[in-house]
Amino acid sequence: MSGRQGGKVKPLKAPKKQVKELDEEELAFKQKQKEEQAKLKLMKEKAAKGGPLLTGGIKKSGKK
């Protein structure tokens, strides 16, 4: 360490991101990802409530 260096070091500037055009396939893929994220969010909310995730089916009881 040199005696002249002190304080915070300035971060390097990040290069600007280039704007690229999206074709139809990429747009459809991104839309599908958004829908899947929304479904996952709903499932997480249901799980947090403590409610049943799936309805129906056979319920097993204890001793009769």
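**Exercise 1. Find which residues gather in a patch of negative charge on the surface.**

Asp 23, Glu 24, Glu 25 and Glu 26 form this patch. Next, patch members need over 30% relative accessible area and no salt bridge, and like charges are joined within 9 Å. A salt bridge would be a side-chain nitrogen of Lys or Arg within 4 Å of a carboxyl oxygen of Asp or Glu.

By the way, this is a predicted model, where local features need pLDDT of at least 70, side-chain atom pairs need 80 or more, and totals use all residues. Numbering runs from 1 along each chain, and side-chain values use heavy atoms, without hydrogens or water.

**Exercise 2. Decide whether Glu 26 is buried, partly exposed or exposed.**

Buried is under 20% relative accessible area, exposed is over 50%, and partly exposed lies in between (1.4 Å probe, protein chains only). Glu 26 has 32%, so it's partly exposed. Across the chain's 64 residues, buried ones make up 0%.

**Exercise 3. Work out how far helix α1 reaches.**

Glu 26 sits in α1, which covers residues 24–49. Expected span is 1.5 Å times one less than the number of residues. With 26 residues, α1 reaches 38 Å from first C-alpha to last, close to the expected 38 Å.

Terms used:
Helix = DSSP H or I, 4+ residues; strand = E, 2+ residues; numbered from the N terminus. Patch = residues over 30% accessible without salt bridge, like charges linked within 9 Å, V, L, I, M, F, W, Y side chains within 5 Å. Areas by Shrake-Rupley, 256 points an atom, 1.4 Å probe, with all protein chains shown as cover. Lys, Arg positive; Asp, Glu negative; His and termini not counted. Charge placed at Lys NZ, Arg CZ, Asp CG, Glu CD.
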